[in-house]
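The sequence and the model are shown first.

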Amino acid sequence: MNENLIKAAKIGFASQFTFYLKAAFFHWNVEGINFQELHALFETIYTEVYGTVDEFAEKIRTLGGYAPGSNSRFNVLSTIEDETQVLPAEQMIQELLNDADHMVIVLKKVYDMAEEAGEHGFSNFLAERMDAFRKHAWMLRATAK
Ligand SMILES: [Fe+2]
């Protein structure tokens with residue numbers, strides 16, 4: 001059991017969960033002339049991210065760790081900053097874009113540790129997550145222009 005890898009995996013997992021929650025929060029509360037487009041864009045993103053939450057948790061179990069699943073643990077572990085304010089639409093796009101870029105960096109650290117540990121099933125999963133967050137960043141960046 002690789003304690004350092006499990007710890008890093010929990011940080012990546014909690015960060016992804018917080019990212020999911022923020023994208024859903026923005027989906028629910030976005031306002032403005034581009035409401036329909038942004039409402040749909042945030043839904044596309046949170047649906048994709050949420051769709052891999054269960055697999056991510058079970059990867060942590062496979063490594064021998066316990067998957068966090070409470071708000072207080074997510075608050076401690078997540079590297080994505082919690083958002084409580086309903087922001088103007090442009091700020092929602094910019095913040096989620098910054099977070100998507102950040103997710104790639106956070107997951108790359110876990111990826112490198114998984115590769116080092118010979119956990120190639122997990123690193124393959126993380127490579128796919130990094131690709132997905134790069135795609136989310138692209139869509140948000142293109143929307144922000
Ligand atoms: Fe909805």
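## Helix α1

In this predicted model, a side-chain oxygen of Asn 2 comes to within 3.2 Å of the backbone nitrogen of Asn 4, at the start of α1.

Helix α1 covers residues 3-29.

## Helix α2

Helix α2 (35-50) has 16 residues. From first C-alpha to last it reaches 22 Å, close to the 22 Å expected at 1.5 Å a residue.

Its buried residues are Leu 38, Leu 41, Phe 42, Ile 45, Tyr 46 and Val 49. Viewed down the axis of α2, these buried residues fall within an arc of 125°, so they line one face of the helix. In general, an α-helix has 3.6 residues a turn, so residues three or four places apart point the same way. Gln 36 and Glu 37, on the other side of α2, are exposed.

## Largest pocket

The volume of the largest pocket is about 190 Å³. It is lined by 13 residues, of which Asn 34, Leu 38, Ala 89, Glu 90 and Ile 93 are the closest to the centre. Leu 38 is also one of the buried residues of α2.

Three helices each supply at least two residues of this lining: α2, α5 (89-116) and α6 (120-144). By class, the lining of the largest pocket has six nonpolar, three polar and four charged residues.

## Second largest pocket

The second largest pocket holds about 160 Å³ of space. Phe 17, Thr 18, Leu 21, Asn 71, Phe 74, Asn 75, Ser 78, Ile 80 and Asp 82 line the second largest pocket.

Helices α1 and α4 (71-77) each contribute at least two residues to this lining. Its residues divide into four nonpolar, four polar and one charged.

## His 136

His 136 lies in helix α6, which also supplies at least two residues of the lining of the largest pocket. Is His 136 buried or exposed? Its relative accessibility is 4%. The cut-off for buried is under 20%, so His 136 counts as buried.

The side chain of His 136 is joined to that of Glu 48 by a polar contact of 2.8 Å.

Methods:
Residues are numbered from 1 along each chain as its sequence is written. This is a predicted model: local features need pLDDT of at least 70, side-chain atom pairs count only at pLDDT 80 or more; totals for chains, interfaces and linings use all residues. Side-chain values use heavy atoms; hydrogens and water are left out. Helices (H or I, at least four residues) and strands (E, at least two) are DSSP runs, numbered from the N terminus. The expected span of a helix is 1.5 Å times one less than its number of residues. A polar contact is a pair of N or O atoms within 3.5 Å; within protein, one must be able to donate a hydrogen and the other to accept it, and residues adjacent in sequence count only if both atoms are side-chain atoms. On a 1 Å grid over the protein atoms alone, a cavity is a set of points where a 1.4 Å probe fits but cannot get out, and a pocket is an open set with protein on both sides within 12 Å along at least five of seven lines; lining residues have an atom within 4 Å of a point. Grid points are joined across faces, edges and corners, and a volume is the space filled by probe spheres set on the points. Ala, Val, Leu, Ile, Met, Phe, Trp, Tyr, Cys and Pro count as nonpolar, Asp, Glu, Lys and Arg as charged, and the others, Gly among them, as polar. Buried means under 20% relative accessible area, exposed over 50%, partly exposed in between (1.4 Å probe, protein chains only). The arc is that of the directions from the helix axis to the C-beta atoms.
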